[in-house]
Amino acid sequence: MSYILGVVLLACTTALTCALPGVFVVLRKHSMIVDGISHAVLPGIIIGFAIVGDLDSPVLILGAAVTGLLVVLGNEWLTETGLLAGDAPQGLIFPSLFAVGILMVSMDFQHVHLDTHVALVGDMNLAAVIPLTVGGVNIGPEYLYVMLGLLLLNAGFIAVFSRALKITTFARQFAEILGIRTRLLNTAFMFLVSVTVVAAFNAVGAILVISLLVVPAATAQLISTRLSVMFALTAAIAIIGALAGFWIAYVLDTGTSAAMAVFYGVLFVAVAVAERTATRLRRNRHQDVKSEETSATLVRSASVR
Amino acid sequence: MVPKLSWLRLDSHHMDPVEFFSNHIFRMVFLGTTVIGLVAGALGAFAYLRKQSLISDVIGHAALPGALLAFLAAVTMFGVNGRSMLLLVIGAVITGTLAALFANTIAARTKVAIDTAMAISMTTFFGFGMLLLRFITNNPFPGKGGIQDYLFGNAASITRADLTTSIAVGALAMGLMVVFWKEFTLRSFDPVLSTMLGFKARIIDTLMFTTIVIAIVIGVKAVGFVLMVAFVVTPPAAARQWTNTLPGMVMLSGLIGGLGSGFGAYLSISLGNVPTGPVIVLVLFAILLFSLLASPKRSVVITALRRMRARRALKQELISEGSTR
């Protein structure tokens, strides 16, 4: 497999892997918690890297994901103390964990040489450098297969728990009456999100991963009224964004993840404006028809008299 | 394997306060970060009471492209120093405000919820900022060295002019807060009454967010954009545990922000070559934890004790009631 094809496939797979759980993240209103997770996993990744020495290792991915879970559980604890107002609990824990990570990076913790720039936005091309060879044949970047595995895991989790996830998202109290362990399910789901964030770190870094997770699903939400449609649209938008982001980065010689983030944002605005315009036109036409009907009835009733 | 702690060079760079304050650069760092912490803490109190603390995260990330555009405009069009604090602040205030408005518009006009709207706004602006950063580092612009410091700050780069600018701009934001104190208070606690009394909600909101944006962007040189959220969210959350009045909260929050930042800056320098922003964030977090655990009226410990006592009293009452029957 050629290197460039490997990078393109990696971009698409990473986008898709992040976007699928993103649907429930958006619907459950957890976007900013995921932002916290994506910052908080940095110290976990660095400690893991110092121990394992490989960013793609499953041990590192699971271990660092636990740091991300600290944000979820910490947020729940702070909210339950009742001492803090509004969304402040979500903004209190992750900066400290991120600060620890940045301190480690800048002090060359255990001689882990990680560029702060890469820590923020990753490097898709660098992530695709190491190839996987089977029987002497290069079958694409090794990292691609890590992401493919995670894609299967995410799709599998969503498929198996789709009913429970749906009920807990749209009718939480009803779910509790049914005996669904909402809290356990939420923690498991957020752990999976955390795993996804860590796995994608190599390619898209700590800050822009939230774009891949949230924006395709939010764009799909604008124009869908059914969950199945939203999933299909999310997947399509994720892939389009990955291809467009790769192409923009290639032409401008710049970072893939940043280009993807900007493209997703612009696409969201375009879809939002188009959707509003379409709604307005439809409403106007509806009103026109209505007013014509009323005038017709008036004319008719006048002629009867 | 025994982990080597060579990165934690605690003793080798330790210095005493006298040595610290006799150094011009260190004095600049200390004063600069104290001003930033004070302004961000005081104005963050209003964001906290509006229950919109996280908007500061959006503003912080979105300030990056503004600061970089200001740099580009300065070196290509005006031929002046691209790292001038005033230009940087103006650019950052513009994109920071735009991002906050963008997030609020999405939440108001589409079915996308506010948290997702904030995430969309933040990543789009920050992604654009990272494209600009790459563009600047790839091309030969004068004075681009150290421009990566906008991300995590480098307190040692604060000059006297920067300090003057941050004090002036910070004072402007604090002045606006004092002048519009009544409007800000009413809008925070009773938005409906405030509109009924004839205060224009849009104007007050814009003013209030502008002051918060200013508080965030003056921190760029010392702290960087990525961690400024902690300067706006943490001091008010800590201050709230000790006071029940608005003036008390704004003052205490500013005090916690200012003292915490000054102490953090001192630590970061005496520990050696350590970035200032992250150290201050950890100091502020420690103050928050202390407040949550130890404040006399509201803390977690006191609440738990009170609950235990009430439970015991109730048990006693029930037992004595049962024995009299």
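**Basis.** I worked on a predicted model, where local features need pLDDT of at least 70, side-chain atom pairs count only at pLDDT 80 or more, and totals for chains, interfaces and linings use all residues. Residues are numbered from 1 along each chain as written, chains are lettered from A and ligands numbered from 1 in written order, and side-chain values use heavy atoms, without hydrogens and water.

**Nonpolar patch.** I looked up a surface patch (residues with over 30% relative accessible area and no salt bridge, nonpolar side chains joined within 5 Å, like charges within 9 Å; a salt bridge is a Lys or Arg side-chain nitrogen within 4 Å of an Asp or Glu carboxyl oxygen). Its residues include Met1(A), Tyr145(A) and Trp247(A), with about 980 Å² of accessible area for the whole patch (Shrake-Rupley method, 1.4 Å probe, only the protein chains shown as cover). H12(A) gives the largest share, 4 residues (helices are DSSP runs of H or I, at least four residues, numbered from the N terminus).

Phe157(A) is buried at 15% relative accessible area, whereas Phe161(A) is partly exposed at 34% (buried is under 20%, exposed over 50%, partly exposed in between; 1.4 Å probe, protein chains only).

Notes: Helix = DSSP H or I, 4+ residues; strand = E, 2+ residues; numbered from the N terminus.
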